[in-house]
Amino acid sequence: MDQILPVIADGIIYSAWLFIAAIGLTLIYGVMKIVNVTHGSFYALGAYAGASFTGAWLAHGYPPLLSYAVLLGAAAFITLVFAPLIERGILRFMYAKDEVVILLITYALFLVLEDTIKLIWGVNPYYVAEPYAMLGSFDIGGLPYPTYNLILVGLALVAGGGLAWLLRSTRVGKLLTVVIHDPEVSRAMGINVGRYYLVTFTFGSMLAAIGGSFTAPTVSVVPGLGVDVIVLSFAVVVIGGLGSLPGAALGAVIVGLVRSISVHYAPQVELFVIYFVMAMVLAFRPRGLFSLAEPRKI
Amino acid sequence: MRRDRTPLVLGAILAAIVAAGPFLPPWLLFILTIGIARGMVALGLMLLLRAGLVSFGQALYYCIGAYTAGALGIRLGVSDVLLQMLAGAAVAAFAAWILGFLLARYRGIFFGLLSLALSMILYGLIVKNEALGSTDGLNVLPSTLFGTRPHEGWVRYTVVVAATFAGVIAALLVHRYLQTPLGRLAPAIKDNEIRVEYMGASARRAIHVKYVIAATLAGMGGALAATTVGHIDPEMAYWTTSGEFIFITILAGTGNVIAPFLGALIFGAIHTVAYDLSPNTWQMTLGAALLALIVFLPNGVWSLFARRKAA
């Protein structure tokens, strides 16, 4: 039972990572009703941008402490390059189509972005371990944990709290809630719905990119990085309920804990349990744990 | 009423492949066989798509079929192509019959996500299981037919002929099915399910049947792919494999049972050519092609052939 602390610590760290990776997905679905496969591409774009920008920053001998800001800036920059292009250039013409068709369109875009990444950064792996290594580590239950993980947890709290505040307590957030409930009436009331879609898509994708760029120092950044993240964040978001912010948090915590328990006690079922939980939630509460009843259309 | 030419065309395709096979290079036979395997999966997806359902986890049954074929060879020494396909189809059908009770209640995005979760469960199981070969996968015995091993150089031809026979029979059966009342229910379910219920039909049962048929075809395709490639690995259950199958189905359109096979061959051709010309941007080519298809040819390639024909 002395494993219990490490299990919880691992669970929290993994949950934080999952939450950052998935929160943008739920935001985009909540507002635009798009199950966005390109989310994984933005994660990968963020990871590549973070690794290469921070690598260049450190190679020039600039202060390493600021490399965290560079990670953040890299993610923001790369999203601002790609997200508005995709939303304005392609997605906005597709909103009238069926949910499943839009999913296919984002799948097509995901394929295109996968290779765009290879064209920009090549196929060789990128490493930047400094931001990760320079903070040292601390002990939990006799096991060393890199202090860097605390940044991830902090980031998850800031992202979740910030988004909740934005949605509930600001004018923009309240208008966005109106758009979510009825885009057509909002348009009639003079809200620029197109702009809200653009901002939501960009912001949601940026969260994925931030997730990617802050993961970059802990892994080697290789092609295909975002492919796993797509299904994982789908699992998180589906468990909590598509489009629900507290749902994504709950989903992240559930998946994080379930995974860390299985890694510690039964590593051979690690992947299995995550999707098993997803299937179980879909089987008993198809709209996720945090969901409201929806009227049936005749 | 127009005469139904589909069985005739299928027969002609079969004759053409049997006759031309010996003169085609092995790599082309390989592409052809894989095309037929993928075409079978897409044929099943087409059935679901006609009812407005998109399964993002058809790789589940593809993988089940492939591993059934592999296990048959490794455990029992059975390497007969047709037996492997039958076994793959049977096991996949059984799995789908069980899971169908659950899935037939789902529509739209939730149907897709649940099927995705189920296929990822299988992926997770295989990846972490040494007995199933883990991420390395397993080798499959060389193919035989009716207890005889074809001579070196004739293996590909034997497999492609067996595959074409199986594919043509499957296509004919599905073609017949589409003309039955249960088969004709699909567009109605897509259109308005509640009216289907008022008519006295059970949408859930119809979808369950379609789901099992689709899985049977996917299992058969998986077994065929396993024996053709000679190797199976967990990637066959991964979501990107499901994505490829959906790609093929969308590419083909739902107009006719021949369309999925045609779609699979076009997909194979795009894949091969794009990969050959530029190994690092073949996915981009595929993605751009898919986008263009959805925008300009939403009813698939088949709509080019069937433009003037009424449904």
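Within chain A, confidence is lowest in helix α5 (residues 130-133), with a mean of 74, and highest in helix α9 (residues 193-215), with 89. The model is predicted, so local features need pLDDT of at least 70 and side-chain atom pairs count only at pLDDT 80 or more, whereas totals for chains, interfaces and linings use all residues. Residues are numbered from 1 along each chain as its sequence is written, and chains are lettered from A and ligands numbered from 1 in the order in which they are written.

Chain A contains twelve helices and two strands, where helices (H or I, at least four residues) and strands (E, at least two) are DSSP runs numbered from the N terminus. From the N terminus on, the elements of chain A follow the order α-α-α-α-α-β-β-α-α-α-α-α-α-α. The radius of gyration of chain A, taken over C-alpha atoms, is 19 Å, which agrees with the value near 19 Å for a compact globule of 298 residues; the globule rule is 2.2 Å times the number of residues to the power 0.38. Along the principal axes, the C-alpha atoms of chain A fill a box of roughly 60 × 50 × 35 Å. Of the 298 residues in chain A, 49% are buried, a residue being buried if 20 or more other C-beta atoms, placed from the backbone, lie within 10 Å of its own, exposed if 12 or fewer, and partly exposed in between. Among contacts in chain A with a separation of 6 or more, 77% are between residues 24 or more positions apart; two residues are in contact if their C-beta atoms, placed from the backbone, lie within 7 Å.

Chain B has 13 helices and two strands. The radius of gyration of chain B is 19 Å, close to the 19 Å given by the globule rule for 311 residues, so chain B is as compact as a globular protein of that length. The C-alpha trace of chain B spans about 55 × 40 × 40 Å along its principal axes. Buried residues account for 53% of the 311 residues in chain B.

Between the two chains, 35 residues of chain A are in contact with 36 residues of chain B. On the chain A side, the elements giving two or more residues are α4 (99-121), α10 (225-240) and α12 (270-284). The largest share, 16 residues, comes from α4(A). By class, this side has 28 nonpolar (Ala, Val, Leu, Ile, Met, Phe, Trp, Tyr, Cys and Pro), two polar and five charged (Asp, Glu, Lys and Arg) residues; the others, Gly among them, count as polar.

In helix α4(A), 17 of the 23 residues are buried, so α4(A) is largely enclosed by the rest of the structure. Just after α4(A), Gly122(A) takes a positive phi of about 75°.

The largest nonpolar core has 212 residues, of which Ala235(A), Tyr275(A), Met278(A) and Ala117(B) touch the most other members. Such a core is a set of buried Ala, Val, Leu, Ile, Met, Phe, Trp, Tyr and Cys residues joined through C-beta atoms within 7 Å. Not counting residues up to four places away in sequence, Tyr275(A) touches Ala235(A), Ala117(B), Met120(B), Ile121(B) and Gly124(B).

Technical notes: pLDDT is the predictor's confidence in each residue, from 0 to 100.
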